[in-house]
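Have a look at the structure first, then read on.

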Amino acid sequence: MEAVLLWGLGVVALACAVAVFVCDSMARATFALLGSLVCVGGVVFVLGLPYLGVVTVLMMVMEMVVMAVFMVAYMMNPAGLMPMSMLHNKRGALSISAAVFASLTAAVFLVDWPHRRGSPPRDTTFQVGKALMGGQMLTMVVLGFVLLATMVAATVLALHRGRYDRLGDDLDRRPARDPAGGGVGR
């Protein structure tokens with residue numbers, strides 16, 4: 001079952017990666033890249049590193065969604081959906097990518113891979129976290145909370161109104177009046 005899942009995720013990741021360069025808009029290419037990277041996270045998960053797989057998926061989902069939102073909000077063409085080409089120097093890029101793919105594929109089959117010695121650790125997530133962070137785990141956890149608080153505070157400060165503007169002081173105004181314009185009850 002794991003082999004079927006591994007091959008299936010690999011094929012979908014490769015198809016989505018090709019779609020990045022086949023799609024005719026930046027927004028579609030962004031979501032194709034998201035699909036490819038989510039499948040890569042699934043491959044990492046299937047290979048026995050669930051923490052890294054889940055972190056990869058979470059990071060890529062947030063990164064690609066933020067990128068798509070900024071494209072919709074700030075691009076000159078409508079939402080990054082205007083036809084365009086993601087390819088530049090097509091012949092050169094194709095020859096370089098084919099050569100790199102062929103050499104990496106050959107390396108996979110020609111390298112004398114080492115054999116496993118011993119058994120894998122009981123808790124791979126702990127081992128990966130220890131290897132990546134070492135003694136800095138507490139620092140990274142604190143930094144994560146500080147960054148989250150900064151994002152929430154920036155969002156709150158950027159809004160010119162609060163929850164009481166729509167629903168009244170006792171939060172009982174029905175229907176809600178949206179001071180930003182338009183909405184129900186205006």
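The expected span of a helix is 1.5 Å times one less than its number of residues. In this predicted model, α2 has 21 residues and runs 30 Å from first C-alpha to last, close to the 30 Å expected.

**Helix α2 and its neighbours**
- α2 covers residues 26-46, and G48, which follows the helix, has a positive phi near 105°.

**The α2/α3 contact**
- α2 and α3 (residues 50-74) pack at about 175°, with axes 7 Å apart.
- Angles over 145 degrees count as roughly antiparallel, so that is what α2 is relative to α3.
- On the α2 side, the contact residues include F31, L37, V38 and F45, while α3 brings in P50, V57, M60, M64 and M71, among others.
- By type, the contact residues split into 19 nonpolar, five polar and no charged.

**Cysteines**
- How many disulfides are there? The count is zero, with a cut-off of 2.5 Å between cysteine sulfur atoms.
- C39's sulfur has its closest cysteine sulfur in C16, but at 5.4 Å that is too far for a bond.
- For C23, the closest cysteine sulfur is also in C16, at 9.1 Å, and again too far for a bond.
- C39 has a relative accessible area of 9%, so it counts as buried.

Definitions and conventions:
Residues are numbered from 1 along each chain as its sequence is written. This is a predicted model: local features need pLDDT of at least 70, side-chain atom pairs count only at pLDDT 80 or more; totals for chains, interfaces and linings use all residues. Side-chain values use heavy atoms; hydrogens and water are left out. Axes are lines fitted to C-alpha atoms, for helices over the stretch in contact, and angles run from 0 to 180 degrees between N-to-C directions. Helices (H or I, at least four residues) and strands (E, at least two) are DSSP runs, numbered from the N terminus. Angles under 35 degrees count as roughly parallel, over 145 as roughly antiparallel, 65 to 115 as roughly perpendicular and the rest as oblique. Contact means heavy atoms within 4.5 Å. Ala, Val, Leu, Ile, Met, Phe, Trp, Tyr, Cys and Pro count as nonpolar, Asp, Glu, Lys and Arg as charged, and the others, Gly among them, as polar. Buried means under 20% relative accessible area, exposed over 50%, partly exposed in between (1.4 Å probe, protein chains only).
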